[in-house]
Amino acid sequence: MHEEDMNSVNTLPGSLAKIQSTVQSPHNIEAEQQLLGAILLNNEVFDRISSIINSDHFFEPVHKRIFETSASRIGKNLLVSPVTLKTYFEDDEGLQELGGPAYLVKLQGSSISSFAAKDYAQMIYDLAVRRELILLGEEIALNAVDIQTDNGPDEQIVDAEQRLYNLSEGGKSQTGFQSFLSAVTDAVNAANLAYQRDGGLAGISTGLADIDKKLGGLHKSDLLIIAGRPSMGKTSLATNIAFNIAKSHKKGPLPDGSEGTINGGCVGFFSLEMSSEQLAARVLSEAAEVSSEQIRRGDMTETEFRRFVEAAKTLESCPLFIDDTPALPISQLSARARRLKRTHGLDVLIVDYLQLVRGTNSKDGRVNEVSEITQGLKAIAKELDIPVIALSQLSRQVENRDDKRPQLADLRESGSIEQDADVVMFVYREEYYREREKPSDHDLEGMLKWQQVMESVHGKAEIIIGKQRHGPIGSVELSFEGQFTRFGNLVKSYQKNIESDTIF
């Protein structure tokens, strides 16, 4: 490096310090005074602005403490006025510098109109976000200048994007602790949505009634693992769920008054094994009821092709987004999920499949790498407040048992999958194994028994719930149509009787 280039690098931190000294934190003390005065004058103002700002958005520390105390008292249905607040601030040094308790009276007297309170609150919020942006920008610049840091540019970009996303979501780059009251309010709102949603589910419906009944739908911040041996239909089940959720997507007013998803959802699908074209063909095969093999060969009748095209037109508006980038690192997967939620919205994330995601450091061994990936997926679920479904392979020890039904111990490469997951489901199709037990044509008795067994298991799949943090474990039977790679609700024998009675 040239000497002049070295000098320019050495002078950068000083330049940044100069920038920091010249950039002033944007704030508006008068707006803060007006808002606090309006609350002291009329406590009902607080209800109109509490969803916009909190105490952390105030620039003046004394104003922050006044707002905190006011919020606490109003939350208990107690009066907030200069007289009631005086007791809390008699020993407050910051308030003494501003004139003591008389300052509270001054705030109340200077309030012009309570109708402008919402505008003042929005202004205070916007200025607080600008201050956070300045701090974040300075920190990004300092980290970029410091070439001694262990974090490379890629890690710094991912970290900056994560913090920007958090800032855009909540106005603060760090959430920290929240009160139990806030957590209870969120739980009540979730229960209210479940009560209003079709079927009374607590989570998002998978479109498969028996699975929904067992799980209560897909819950926010949950990590769900769908595991199975090859050819069991893991990807088919994941695409079926993705399609069912996306096609039933509906927006409407939420309890807090904002606009959001009230049914179904926007789905992000990371397809690390199949291309987006292959995945789309599977979804179209299910929707059009044309076998994926026929679609691949182009061997369709005119009626089937017309059905195929109609299905494609219908699916154009479905909020299903596919990313088929191979061997994605978990950090990049997180960043892309955040970007999708910010730009298009994201209600469910699906990863196909877990063992094809890369960790940040593969030198620590495969077990540690898989552990990092599962922890990363769980972190995405909590950060974005969405259910994350990850597909996983099972070890070959399943094949060595007489009973081929998978167990938790069969999860491949790491116990962290079982540990970090909220739900673990196994896909098991007995038909697949029975087909390979076909006796020779000369064994007539064996062939008869085999045909009876095949008839009883044909077109059926078993979803074994091996772990569920919030509910019971057990098995669910589904129908499976191999030619369309489609799982469906299995019609029970008693339901058939009811249908026949209805007909006649």
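The model is predicted, so local features are given only at pLDDT of at least 70 and side-chain atom pairs only at pLDDT 80 or more, while totals for chains, interfaces and linings use all residues. Residues are numbered from 1 along each chain as its sequence is written, and side-chain values rest on heavy atoms, without hydrogens and water.

**View 1. The whole protein chain.**
The protein chain contains 21 helices and eleven strands; these are DSSP runs numbered from the N terminus, with helices being H or I of at least four residues and strands being E of at least two. Of its 504 residues, 43% count as buried (relative accessible area under 20%; exposed is over 50% and partly exposed lies in between, with a 1.4 Å probe and protein chains only). Among contacts in the protein chain with a separation of 6 or more, 68% join residues 24 or more positions apart; a contact means heavy atoms within 4.5 Å.

**View 2. Helix 12 against helix 13.**
The axes of helix 12 and helix 13 (residues 276–288) come within 10 Å and cross at roughly 70 degrees. The two helices are therefore roughly perpendicular to each other. Axes here are lines fitted to C-alpha atoms, for helices over the stretch in contact, and angles run from 0 to 180 degrees between N-to-C directions. Helix 12 passes helix 13 in a right-handed crossing (the near helix is turned clockwise from the far one by less than a right angle; anticlockwise gives left-handed). Helix 12 contributes T235, S236, T239, N240, F243 and N244 to the contact, and helix 13 contributes L279, R282, V283, E286 and A287. By class, the contact of helix 12 with helix 13 has four nonpolar, five polar and two charged residues. Ala, Val, Leu, Ile, Met, Phe, Trp, Tyr, Cys and Pro count as nonpolar, Asp, Glu, Lys and Arg as charged, and the others, Gly among them, as polar.

**View 3. The surroundings of T235.**
T235 belongs to helix 12 (residues 234–247) and is buried at a relative accessible area of 9%. Not counting residues up to four places away in sequence, T235 touches E273, M274, L279, R282, D352 and L391. With D352 there is a polar contact between side chains, at 3.0 Å. A polar contact is a pair of N or O atoms within 3.5 Å; within protein, one must be able to donate a hydrogen and the other to accept it, and residues adjacent in sequence count only if both atoms are side-chain atoms.

**View 4. S392 in strand 7.**
S392 lies in strand 7 and counts as buried, at 0% relative accessibility. Its side chain is joined to that of Q355 by a polar contact of 3.1 Å. Leaving aside neighbours within four places in sequence, S392 is in contact with I225, I226, A227, G228, K234, Y353, Q355, L411 and I417. The C-alpha atoms of S392 and I417 are 8.9 Å apart, across 25 residues of the chain.

**View 5. Helix 2 against helix 4.**
Helix 2 (residues 29–41) and helix 4 (residues 61–75) pack at an angle of about 25 degrees, their axes 11 Å apart. That makes helix 2 roughly parallel to helix 4. The crossing of helix 2 past helix 4 is left-handed. I29, E32, Q33, L36 and I39 of helix 2 meet H63, I66, F67 and I74 of helix 4. Of the residues in the contact of helix 2 with helix 4, six are nonpolar, two polar and one charged.

**View 6. L35 and its contacts.**
L35 is found in helix 2 and is buried, with a relative accessible area of 0%. Outside the four places on either side in sequence, L35 touches I49, I53, F58, A117, Y120, A121 and I124. L35 and S113 are 78 residues apart along the chain, and 9.3 Å separates their C-alpha atoms.

**View 7. Helix 5 against helix 7.**
Helix 5 (residues 82–89) and helix 7 (residues 102–110) cross at roughly 145 degrees, and their axes come within 9 Å. This crossing of helix 5 and helix 7 is right-handed. P82, L85 and K86 of helix 5 meet L104, V105 and Q108 of helix 7. The contact of helix 5 with helix 7 consists of four nonpolar residues, one polar and one charged.

E289, in the loop between helix 13 and helix 14 (292–297), has a positive phi of about 55 degrees although it is not a glycine. E289 is partly exposed, with a relative accessible area of 39%. D385 lies in the loop between helix 17 (366–384) and strand 7 (388–393). Phi of D385 is near 55 degrees, a positive value in a residue other than glycine, and D385 is partly exposed at 38% relative accessible area.

Technical notes: Angles under 35 degrees count as roughly parallel, over 145 as roughly antiparallel, 65 to 115 as roughly perpendicular and the rest as oblique.
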